[in-house]
Amino acid sequence: MLAITAAALFVATIVLFCWLHAVNRSVHVVRDAVSLFGTGSTAGLFRIYGHLGTAAIALFAIAAYLRRPGPLPSIVAIGLVVLVVARVAVIAVPTDAKGQGTSLRGMFHLFLAVIVFAATYTVIANAAPLFAAMPLKAALDAMQLLCMLSLAGVVVTMLPPLKRLFGLFERAFLLSMLIWFELASMSFALRPVAG
């Protein structure tokens with residue numbers, strides 16, 4: 001039941017992610033960071049999107065513990081805890097509004113976002129052995145590869161020459177990681193409870 005609920009919440013999070021882009025066209029899909037949705041008219045919706053995703057990850061973490069096919073790797077368990085805490089924090093500390101200079105709050109938001117992204121990929125990269133014998137393994141592997149490539153793109157586009165492409169790679173990472181968690185939740189939902 002936990003895994004099914006997590007899967008449903010991940011779907012809702014993906015829908016809200018797309019809806020944010022539909023209702024706030026002032027945030028550029030290719031250039032701007034997704035966190036800019038949290039500074040204007042869509043700030044409330046952005047917080048709902050963020051907390052919904054965090055709740056989904058928390059439920060996924062419990063399901064991973066209960067339905068794992070073997071020992072839950074320590075790095076995955078720690079990564080999930082860090083991810084949940086960091087996501088709550090990054091939503092509580094909004095970034096600077098578009099067109100404003102960088103503030104201490106904005107810098108702290110960026111620091112928290114880096115932790116979220118690093119913890120997310122740490123979980124995804126190290127959880128692969130849990131799904132070795134599951135039917136959705138090929139799809140999970142494909143999403144892991146997309147997460148890796150898009151995260152590399154996020155890092156590269158933080159540099160000034162390529163910064164105008166940052167938003168594109170960030171969105172690719174956020175969507176691919178949500179799809180990975182959705183597929184992983186569905187895999188756990190199809191598996192009997194671990195003994």
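These legends describe close-up views of a predicted model.

**View 1. Helix α1 and its buried residues.**
Helix α1 covers residues 2-23. It has 22 residues and reaches 31 Å from its first C-alpha to its last. That is close to the 32 Å expected at 1.5 Å a residue. Buried in α1 are Ala3, Ala6, Ala7, Leu9, Phe10, Thr13, Ile14, Leu16, Phe17, Leu20 and His21. The cover over these residues includes α2 and α6.

**View 2. His28 in the loop between α1 and α2.**
His28 counts as partly exposed, because its relative accessibility is 29% and that class lies between the 20% limit for buried and the 50% limit for exposed. Leaving aside neighbours within four places in sequence, His28 is in contact with Lys98 and Arg171. Ala189 is 161 residues from His28 in sequence. In space, the two are 36 Å apart, C-alpha to C-alpha.

**View 3. The packing of α2 against α3.**
Helix α2 spans residues 43-67 and helix α3 residues 74-92. They pack at an angle of about 165 degrees, with axes 10 Å apart. Angles over 145 degrees count as roughly antiparallel, so α2 and α3 are roughly antiparallel to each other. Their crossing is left-handed. On the α2 side, the contact is made by Arg47, Tyr49, Gly50, His51, Gly53, Thr54, Ile57, Ala58, Phe60 and Ala61. Helix α3 contributes Leu80, Leu83, Val84, Arg87, Val88 and Ile91. By class, this contact has 10 nonpolar, 4 polar and 2 charged residues.

**View 4. The crossing of α4 and α6.**
The axes of α4 and α6 come within 11 Å and cross at roughly 40 degrees. That makes α4 oblique to α6. The crossing is left-handed. Phe117, Thr120, Tyr121, Val123 and Ile124 of α4 make the contact with Glu170, Phe173, Leu174, Met177, Trp180 and Phe181 of α6. By class, the contact has 9 nonpolar, 1 polar and 1 charged residues.

**View 5. Helix α5 and its packing partners.**
Helix α5 runs over residues 137-156. At 1.5 Å a residue, its 20 residues should span 28 Å. The end C-alpha atoms are 29 Å apart, which agrees. Leu140, Met143, Gln144, Cys147, Ser150, Leu151, Gly153 and Val154 are the buried residues of α5. They pack against α4 (104-126) and α6 (166-189).

Notes
Residues numbered from 1 in each chain as written. Predicted model: local features only at pLDDT ≥ 70, side-chain atom pairs only at ≥ 80, totals over all residues. Heavy atoms only, no water. Helix = DSSP H or I, 4+ residues; strand = E, 2+ residues; numbered from the N terminus. Expected span 1.5 Å × (residues − 1). Buried < 20%, exposed > 50% of the residue type's maximum accessible area, 1.4 Å probe, protein only. Contact = heavy atoms within 4.5 Å. Axes fitted to C-alpha atoms, helices over the stretch in contact; angles between N-to-C directions. Parallel < 35°, antiparallel > 145°, perpendicular 65-115°, else oblique. Left-handed = near helix turned anticlockwise from the far one by under 90°. Nonpolar A, V, L, I, M, F, W, Y, C, P; charged D, E, K, R; others polar.
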